[in-house]
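Dear colleague,

I am passing on the structure below for you to look through. My notes on what was found in it follow.

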Amino acid sequence: MTQRASFLRRLLSNRSFTIGASLVGLVLLLALLAGVIAPFDPLKGNFRARMMAPSLQHWMGTDQFGRDILSRVLHGARISLQIGFMVAIITALAGVLIGASSGYFRRLDGPLMRLMDAFMAFPSIILAIAVSSVLGASVINVIFALAIAATPHTARIVRASVMVVREMEFVEAARALGAGHARILFRHIMANAMAPLMVRITYVFAVAILNEAVLSFIGVGPPPPAPTFGAIIANGRDFIVAAPWITVAPGLAILVSVLGLNLLGDGLRDVLDPRMSVNTR
Amino acid sequence: MSHATPMLQVQQVTTTLGTGGPEILSAVDISLNSGEVLGVVGESGSGKSMLALSIMGLLPRPIAVSGGEIRLQGRNLLHLQAQELRALRGKDMAMIFQEPMTSLNPVMRVGQQIGEVLRWHRSMQGEAARQEGIALLKRVEMPDPQRQIDAYPHELSGGMRQRVMIAIALAGRPKLLIADEPTTALDVTIQAQILELIRNIQRDDGMSVLLITHDLGVIAEMCDRVAVMYAGRVVEQGAVLDIFDRPAHPYTRGLLASRPKISAGASWLSTIEGTVPAVGQMGAGCSFAPRCAIAGPDCARRPPLREVGVAHQAACVRPFEGAPEPKAETA
C-alpha cells in the first residue's frame, strides 16, 4: 500500500514524467474525441476549398483535394497511436517471451540470441521496410513489421534483467519450496525485472509512431486514403513550398506525441531505476 | 526409534564440478533420525552448504552429484524425476536460507508468499490460506500477524523476515527442515530467539532438522548429534556431548580450542594454521594432514570414517592422540 502510494507520489513529482504524461494524455484525448471534435470528414474532398491556407474555417488549411488537414490529423492520431500502441504491446509480449526464455533457460540462450543478433544486423527501419514490402501494405502488416524490428533489442533488455534476478537468493528459496519453472520465471523473476522493460516499451511506442511515418512517407505504410501522420506528410511533400501547412501540421503532431512519450519514459526510468538516472536537476 | 528407517540417509555422496571434474564433496555419510537435530559444522568452504543443496536437489550447475545415495524416508532422491522432486520440496523437506534480507521476493506480500506454498502443497486458497498464513505467523511468534500478513518484505526487520522464512518453510508441514546458517546474518539477541523458535517448533512437531552452522555454540545449544566437515568430507560424527568432551579428530579439537572462553584469561585465541585446501588441490591422503600437528607418513592415504566410540566415528588414523585430558568445562 504505502509502497504503491509513494511510487505514485514520486512519479507525479518527476517533472519529465508529468510533462510527458500531459502531452501524451492530450494527444490521446484528441485522438479519442476525433469523431466528435473534427470539424470535417477527413476523407471527403471539397473542390471549392483546395489548397487553402489556415483560416478560421480550416484551422490548419486544406490539401490538394480540399480535405481539412485538422480533421485528417485528428483522425490520423487515432491510427498512428493505435499502431504505436499495438507495436508496443506485441513487442513487449514477444520481447518477454524470447528474452525471459533465453535469460532463464541457458540452453535456449545461444540459439535465441543468435537469431536476435541476425535481426539486429539490419537497421530496424530497413528491417521494417523489408517486412512491410514483403507482407504488403496494410495497417496490420505495418504493425507486425515495426514489432519485428523492435523485438530484438527488447528481448536483449529483458534477458539482461532476467539474468540478474535469476541469481538472487529469493529465486533459490522459491525453488526450495517447490516452485516450478513457469512460476519462478513469471511470478518471481519477471515481477522483479519489469522496470527496464517498461521504460523500453514507452520508447518502442514513440519510435513506432515515427517509423510508421517513415514507412508511409516512402510508400510502404498503411494504404491511402487512411490518414496516418506519415501518409499526410507524404501527400503534402509535393506542395511543401506552395502549401507548407499540409506537412507542418502532422509533423507537429508527431513531434508532440514522440516528445511526450520520450519524456514519459525518461521520467519512468528516473523513478523506477534511480541508479540509471542521468539528470539530477 | 533407532531401528526405524532414518528420516534422511546420505551415503557416500560425492559431488563434482562438471563430469569427472574436481570433487566438492567426497563420499559424505550422514544420517538423521526422525525427530532428531543434526548439526553440520565446519569452516567456510568445507562443503556444508553444498551438502544441503545436494539433498534439496538444487546444486548450481555445473556442480552435480556423481555418486552415492540420498534417501529421504527410504526414497532415493537421486532417482526421482525433476517433477517428483519438485513435489517433495517445500512439502517433505524445506529449507531456510542464511540471508533473510534477500530470501524473500521483494514485490510480493508476506501473505502471498506463504499462500504460494499452501496452494501448491496443501491445496489451500483464498480466505482459508490467509487464515492459515496468520496462524503460521503466530506460530513463529510474529508480532501483530493480522497486519504483517499484508506487509512487504522491505517493511520488516531482519529477524522478522527470518520468522517469515520459517513460517513459509513450515507451511508445507515438512518432516525435514534444512537450516543453512539461519542466524548468521542476525543480531546476537535475535539469533537466540530464532534458535529457540526453531528448537520449540522442532520439539512440538517432531520434525527432523539439519542445522548447518559454523558456530559451535549453536551446535551445543541445539543439536542431538553433530557432523564435522572439512574440505568436503565428514571427518567426525557423533553425539554432541561426545564430540565436545572427547573430540577424536585433530580438526575437531582445533575447532573447539579456537572458541573464545570466558574462564581462560588469555588475550589470544588459538587458531588452526593454514587454510582449507582449494577445490581440486586436495591430495590423495587426509586433507587435514597439511595443517595437522600430529600428521605422520601414514596420513598419506585417506583414512576412512570409522568407529572410535559408541555411535562416534572419526576419519583419522590416530584418533584422540595428543588430545588434552577431557575437562568438565563444556556445556
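At what angle do helix 5 and helix 7 of chain A pack, and how far apart are their axes? Helix 5 (residues 106-120) of chain A packs against helix 7 (residues 139-166) of chain A at an angle of about 140°, and their axes are 8 Å apart, where axes are lines fitted to C-alpha atoms, for helices over the stretch in contact, and angles run from 0 to 180 degrees between N-to-C directions. Helix 5 of chain A and helix 7 of chain A are therefore oblique to each other, since angles under 35 degrees count as roughly parallel, over 145 as roughly antiparallel, 65 to 115 as roughly perpendicular and the rest as oblique. From helix 5 of chain A the contact is made by A:Met116, A:Phe119 and A:Met120, and from helix 7 of chain A by A:Pro152, A:His153, A:Ala155 and A:Arg156; two residues are in contact if their C-beta atoms, placed from the backbone, lie within 7 Å. Helices are DSSP runs (H or I, at least four residues), numbered from the N terminus.

Please keep in mind that this is a predicted model, in which local features need pLDDT of at least 70 and side-chain atom pairs count only at pLDDT 80 or more, while totals for chains, interfaces and linings use all residues. Residues are numbered from 1 along each chain as its sequence is written, and chains are lettered from A and ligands numbered from 1 in the order in which they are written.

As for confidence, chain A has a mean pLDDT (the predictor's confidence in each residue, from 0 to 100) of 88, with 96% of its residues at 70 or more. Chain B averages 87, and 94% of the residues score at least 70, although over residues 327-331 of chain B the pLDDT is below 50. For the complex, the predictor gives an ipTM of 0.80 and a pTM of 0.81.

Methods:
Helices (H or I, at least four residues) and strands (E, at least two) are DSSP runs, numbered from the N terminus.
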